[in-house]
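Here are a few notes to read with the model open. They take up a helix pair and then some aromatic rings.

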Amino acid sequence: MSKFFIRGGLVFDGSGQAPYQADLQVADGRVEALASSLSHPGEAYQTIEAEGHWVMPGFIDIHTHYDAEVEIDAGLFESVRHGITTIFMGSCGLSMVMGPPESLSDMFTRVEGVPSEYIKPLLQRVKDWDSPTEYLQHLRNLPLGPNVAMFLGHSTLRSYVMGLKRSLTHNEKPTKAELSRMDGLLREALDAGYMGLSVNMLTFDKMDGTEFRSRPTPSVYAGWGEYRHLFRTLRQQNRILQTIPNTANPATFFSFMLESAALGRKGLKTSMLAMIDGKTVPGIHRIFGNSAWLANRLLGAKVKFQGLPEPFDVVTNGFNSPFFEEFEAGTAYLHLEDLAERQELLQDKRYRRKFRKQWGQKLAPRAFHRNLRDTCVIDCPDASLNGRSFRELAKEAGQDPVDYFLDLVSRYGDELRWYTVVGNHRPKELNWIVRHPDCHIGFSDAGAHLKNMAHYNFPLRLFKFVQEQKAEGRKTLSLAQAVRKVTGELADWYGLDAGYLAQGRRADIVLVDPTQLNDQLDQTYEVGMPGLPEFKRWVRRNDQAVPYVFINGQIAAQSGQASPILGQAKDFGKVLAYQG
């Protein structure tokens, strides 16, 4: 193992306490010493000059979907380059823990916006595990870049025990023997070190493939009896439920809060999506935040919402976004795989009437605002459209905006690329979110929605945001509190050995150059991906802001350049077990 002497940085230790000038001595993957003035330990230690830089624990990303990408390139450098040193997988009911490769791919690829033509054959080639314990051993055998902590996906569990067809059939309940087997597999996962179980009730997350294409994922078909049977085990072992309630039925948000409450029983630690200042229902984030605050303090609940510290912006190619799965007409288009069939559908008058009607339903629960004025074409074969909204272009053409939009998608398909902001657009309300004691900062969706979302660098944008709020005279997080929000606070709640800089702790360390926390953090790019020929994803890059990233005491990244052995050697990330 390499040895380092990191000299003269401003240390934020993850506790939320005020930073202090200090030196760090790193050896054998651990922080060997940390003090305000250390003597240089000798030539065996490489010196890193940190004066003028912030020295922090590695950041934690509590919501990724790297479950497929980790099999392609285990270094996961798109997160590591921004200082992410620990990631969570198995989110939203989906994991690769067990089951046939074809089923795992079909549950994952359409929901998470990753190319099935690559993922299905990849899983067919590499999958040599079929249990929670075997999967963790498989991960340990990979040359991981960041540390990995796991949830067991409920859709994965349900389909494995019941079979995919039955798990996707309405009113098909698991037998007592099947419930017992589900519980046994969950217990095996928890004994192996999984943090808990993830559940997804979103009806607009759809299956890929052919046999069950466009059905919701298996978790949606479960009843509360099935959920509660598994929740009892989570309570007993003080483990975590990660959940996405059904946005088509907002009451499910409050049902999960009651499930979390300590009403004659243990409270259930519940991580819920999501606290966002959405444009569709202004103020919904305050309703959720205040409800969680009351439930936690009056009912003994243990609810935390996940949130982002930045505008929730999305790029869409044609209709290829999960937001078009929110209504039947959008799903009907995405159900078709053939481009000619899609174009034919968009010319059908009956389809257009249905699309316009469903698009305009004001009271239908939804996440996407569907306001064509609030859009911007960013890339189109007809370059004259770039930089303008669909509403503006339709008015100029003398057309109904929705018809004009459908015409463009029919003409250009996925070559029509457009941008919008879905939420977190009001700085004052975003400040309320990041300050909320029951909001965990995360929800990057890294490794998913590869062409739609680019939130890989959210910790750095948090630091930039709180500095901007302070400059504008608003009460906000201190920088030390902001660092804790993406390090120690998360490690404590999720029960992991991470998130702190202290003598004897694992040396996951990030150096940040505060002079580079500028508008470059917001710039976006389309870049190629390792192992996926010709496929490009949407990212943000701010390499000068992060001069060094250490994982397990080794330099994993240096100003945007990956270590030559990242993703090749087992010197970096470890599989982290829940420690309570």
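1. A quick word on terms before the helices: an axis here is a line fitted to C-alpha atoms, for helices over the stretch in contact, and angles run from 0 to 180 degrees between N-to-C directions. Keep in mind that this is a predicted model.

2. Have a look at H6 (residues 154-162) and H8 (residues 176-192): their axes come within 10 Å and cross at roughly 135 degrees. The two helices are therefore oblique to each other, and the crossing of H6 past H8 is right-handed.

3. Which residues make that contact? From H6 come Leu157, Arg158, Tyr160, Val161 and Met162, and from H8 Glu178, Arg181, Met182 and Leu185. By type, 6 of the contact residues are nonpolar and 3 charged, with no polar ones.

4. On to the rings: searching the whole structure turns up 37 aromatic pairs. One of them is Phe88 with Phe151, edge-to-face, at 6.3 Å centre to centre and with 70 degrees between the planes. Phe88 sits in strand E7 (residues 84-89) and Phe151 in strand E8 (residues 147-153), 63 residues apart. Both Phe88 and Phe151 are buried.

5. Phe327 and Phe355 also pair edge-to-face, with 5.3 Å centre to centre and 75 degrees between the planes. Phe327 is in the loop between strand E13 (312-317) and helix H12 (328-335), and Phe355 is in helix H14 (residues 349-359), so the pair ties together parts 28 residues apart in sequence. Buried or exposed? Phe327 is buried, at 6% relative accessible area, and Phe355 counts as buried at 0%.

6. Phe327 and Phe355 also belong to a cluster linked by ring pairs, whose members include Phe319, Tyr333, Trp359 and Trp418.

Conventions:
Residues are numbered from 1 along each chain as its sequence is written. This is a predicted model: local features need pLDDT of at least 70, side-chain atom pairs count only at pLDDT 80 or more; totals for chains, interfaces and linings use all residues. Side-chain values use heavy atoms; hydrogens and water are left out. Helices (H or I, at least four residues) and strands (E, at least two) are DSSP runs, numbered from the N terminus. Angles under 35 degrees count as roughly parallel, over 145 as roughly antiparallel, 65 to 115 as roughly perpendicular and the rest as oblique. A crossing is left-handed if the near helix is turned anticlockwise from the far one by less than a right angle, and right-handed if clockwise. Contact means heavy atoms within 4.5 Å. Ala, Val, Leu, Ile, Met, Phe, Trp, Tyr, Cys and Pro count as nonpolar, Asp, Glu, Lys and Arg as charged, and the others, Gly among them, as polar. Rings of Phe, Tyr and Trp (its six-membered ring) pair if their centres lie within 6.5 Å; planes under 30 degrees apart count as stacked, over 60 as edge-to-face and the rest as tilted. Buried means under 20% relative accessible area, exposed over 50%, partly exposed in between (1.4 Å probe, protein chains only).
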